[in-house]
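Reader: I would like to learn to read this model feature by feature. Please give me the general idea each time, then the case at hand.

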Amino acid sequence: MTAQGAPAAADGDAPGFAIDPKLYGNRSAARHHLEDFEGALSDAVHALELDPAWVKGYHRKAMALLSLGKFEEAVLAYEEALRLDPDNAGLKQKLTRAQRRQRVPRGRRSRRRQRCRRKCAVHSERANTQVWQ
């Protein structure tokens, strides 16, 4: 893609966006990487409107929903993907993780991370002092 085509592609006006769901899917992944989770979700939904049987579109949608904290909707997206591809082990694993995140309250999750960080800091501090003594 040329520099002149980049703004058009970002707006979805580039040729091919209207017919190829993978373009929306790829842009959804790029937006997710840039932490534009609303845009990632929007692109994933557009991709699924063009091809409701595209499994990866449901994965893109679920990833965006997880990042937005919409765990129940993410679980539903993963379940729909598994309905289309029931033997996909990666999707099964991601569904399990999404279900776990759905059950753990937000405050408890952050406390768990803080405990883990404290433990890691203590272990790394001990390791550093043992090496130098």
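Author: Start with the secondary structure. Helices (H or I, at least four residues) and strands (E, at least two) are DSSP runs, numbered from the N terminus. Here the protein has seven helices and zero strands. Along the sequence the pattern reads α-α-α-α-α-α-α.

Reader: What kind of model is this, and how are residues numbered?

Author: This is a predicted model, in which local features need pLDDT of at least 70, side-chain atom pairs count only at pLDDT 80 or more, and totals for chains, interfaces and linings use all residues. Residues are numbered from 1 along each chain as its sequence is written, and side-chain values use heavy atoms, with hydrogens and water left out.

Reader: What share of the residues counts as buried?

Author: First the cut-offs. Buried means under 20% relative accessible area, exposed over 50%, partly exposed in between (1.4 Å probe, protein chains only). Of the 133 residues of the protein, 29% are buried. The areas come from the Shrake-Rupley method with a 1.4 Å probe; for residues, only the protein chains shown count as cover. The accessible surface of the protein is about 9,100 Å². Carbon and sulfur atoms hold 52% of that surface.

Reader: How much of the contact set joins residues 24 or more positions apart?

Author: Contact means heavy atoms within 4.5 Å. Take the contacts with a separation of 6 or more: residues 24 or more positions apart account for 39% of them. Lys22 lies in helix H2. Lys22 is partly exposed, at a relative accessible area of 48%.

Reader: How do I read one face of a helix?

Author: Use the helical repeat. An α-helix has 3.6 residues a turn, so residues three or four places apart point the same way. Now take helix H5, residues 71–84. H5 has 14 residues and reaches 20 Å from its first C-alpha to its last, close to the 20 Å expected at 1.5 Å a residue. That expected span is 1.5 Å times one less than the number of residues.

Reader: Which residues of H5 are buried?

Author: Phe71, Ala74, Val75, Ala77, Tyr78, Ala81 and Leu82 are buried in H5. Seen down the axis of H5, these buried residues fall within an arc of 160°, so they line one face of the helix. The arc is that of the directions from the helix axis to the C-beta atoms. The face of H5 turned away from its buried side carries the exposed residues Glu72, Leu76 and Arg83.

Reader: What do the buried residues of H3 pack against?

Author: They pack against H2 and helix H4 (55–67). Helix H3 covers residues 37–50. Its buried residues are Gly39, Ala40, Leu41, Asp43, Ala44, Ala47 and Leu48.

Reader: Where does Ser28 sit, and what does Ser28 touch?

Author: Ser28 is found in helix H2, residues 21–33. Ser28 is buried, at a relative accessible area of 1%. Not counting residues up to four places away in sequence, Ser28 touches Ala40, Asp43, Ala44 and Arg60. A polar atom of the Ser28 side chain lies 2.7 Å from the backbone oxygen of Ala40.

Reader: How many salt bridges does the structure hold?

Author: Four. A salt bridge is a side-chain nitrogen of Lys or Arg within 4 Å of a carboxyl oxygen of Asp or Glu. One of them joins Arg27 and Asp43, with the closest N and O atoms 2.7 Å apart. That pair links distant parts of the chain: Arg27 in helix H2 and Asp43 in helix H3, 16 residues apart. Both Arg27 and Asp43 are buried.

Reader: Which residues do shared partners join into one network?

Author: Take the pairs in turn. Asp36 and Arg31 meet in a salt bridge (3.8 Å, N to O). Asp36 is partly exposed, at a relative accessible area of 33%. Asp43 and Arg31 also form a salt bridge (3.4 Å, N to O). This pair links Asp43 in helix H3 with Arg31 in helix H2, twelve residues apart. Asp43 counts as buried, at 1% relative accessibility. Salt bridges that share partners join Arg27, Arg31, Asp36 and Asp43 into one network.

Reader: What is the phi of Glu35?

Author: The general idea comes first. Most residues other than glycine have a negative phi. Phi of Glu35 is near 65°, a positive value in a residue other than glycine. Glu35 is placed in the loop between H2 and H3. Glu35 is exposed, with a relative accessible area of 60%.

Methods
Polar contact = N/O pair within 3.5 Å; in protein donor to acceptor, adjacent residues only side chain to side chain.
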